[in-house]
Amino acid sequence: MCAIHRLMAHIWRVVVSVAPGVVKRIGDMRGYGRYVIISHGERFVSVYSRMGEIRVKEGESIPSGAVIGRIDDGSRSIHFQIGHGGKPVDPLKYLPQRS
């Protein structure tokens, strides 16, 4: 199963952190656009890309559910990834089930 998921959403919808952590990196990468990487401890990270507005700063500690930004106005999705020990893992194993 693919370790990177494309999550569909409405334009300018907010993006929230899946768990508490520290913002490790904010940048821009060709093909992925603006991105945020959050470290959650125990060698887990989450990556959010194709972001429009980013509302956090590198080094900032954030709680679970914190708004980290909004989806790019030219996109209807974000790329979301969870990594553990430097390798991508299936994020669906860590996210709550949809009701």
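Tutor: Begin with a pair of strands. This is a predicted model, and in it E4 and E5 (residues 44-54) pair in the antiparallel sense over seven bridges.

Student: Which residue stands opposite Val 45 of E5?

Tutor: Ser 39 is the residue facing Val 45.

Student: How many residues lie between E4 and E5 in their hairpin, and which turn residue has a positive phi?

Tutor: Two residues lie between the strands, and Glu 42 in the turn has the positive phi, about 50°.

Student: Which strand does E3 pair with, and in which sense, parallel or antiparallel?

Tutor: E3 (residues 21-29) runs antiparallel to E4 (residues 33-41), and seven bridges join the two.

Student: What does the whole chain look like in terms of secondary structure?

Tutor: Count the elements, then read their order. The protein chain has nine strands and zero helices, so from the N terminus on the order is β-β-β-β-β-β-β-β-β.

Student: What share of the contacts with a separation of 6 or more is between residues 24 or more positions apart?

Tutor: For the protein chain that share is 59%.

Student: And how much of the chain is buried?

Tutor: Of the 99 residues, 34% are buried. The accessible surface of the chain is about 6,400 Å², with 51% of it belonging to carbon and sulfur atoms.

Student: Which residues make the nonpolar surface patch?

Tutor: Val 14, Val 16 and Val 67 make the patch, which covers about 190 Å². Of these, Val 67 lies in strand E7 (residues 67-71).

Student: Why does Val 67 count as partly exposed?

Tutor: Compare the relative accessible area with the two cut-offs. Buried means under 20% and exposed means over 50%. Val 67 has 32%, and therefore counts as partly exposed.

Student: Is Lys 93 buried or exposed?

Tutor: Lys 93 counts as exposed because its relative accessibility is 68%. Lys 93 is found in the segment after strand E9 (87-89).

Student: How far apart are the C-alpha atoms of Lys 93 and Ile 82?

Tutor: They are separated by 9.8 Å, and the two residues are 11 residues apart along the chain.

How values were computed. Residues numbered from 1 in each chain as written. Predicted model: local features only at pLDDT ≥ 70, side-chain atom pairs only at ≥ 80, totals over all residues. Heavy atoms only, no water. Helix = DSSP H or I, 4+ residues; strand = E, 2+ residues; numbered from the N terminus. Buried < 20%, exposed > 50% of the residue type's maximum accessible area, 1.4 Å probe, protein only. Contact = heavy atoms within 4.5 Å. Areas by Shrake-Rupley, 256 points an atom, 1.4 Å probe, with all protein chains shown as cover. Pairing = 2+ DSSP bridges. Patch = residues over 30% accessible without salt bridge, like charges linked within 9 Å, V, L, I, M, F, W, Y side chains within 5 Å. Salt bridge = Lys/Arg side-chain N within 4 Å of Asp/Glu carboxyl O.
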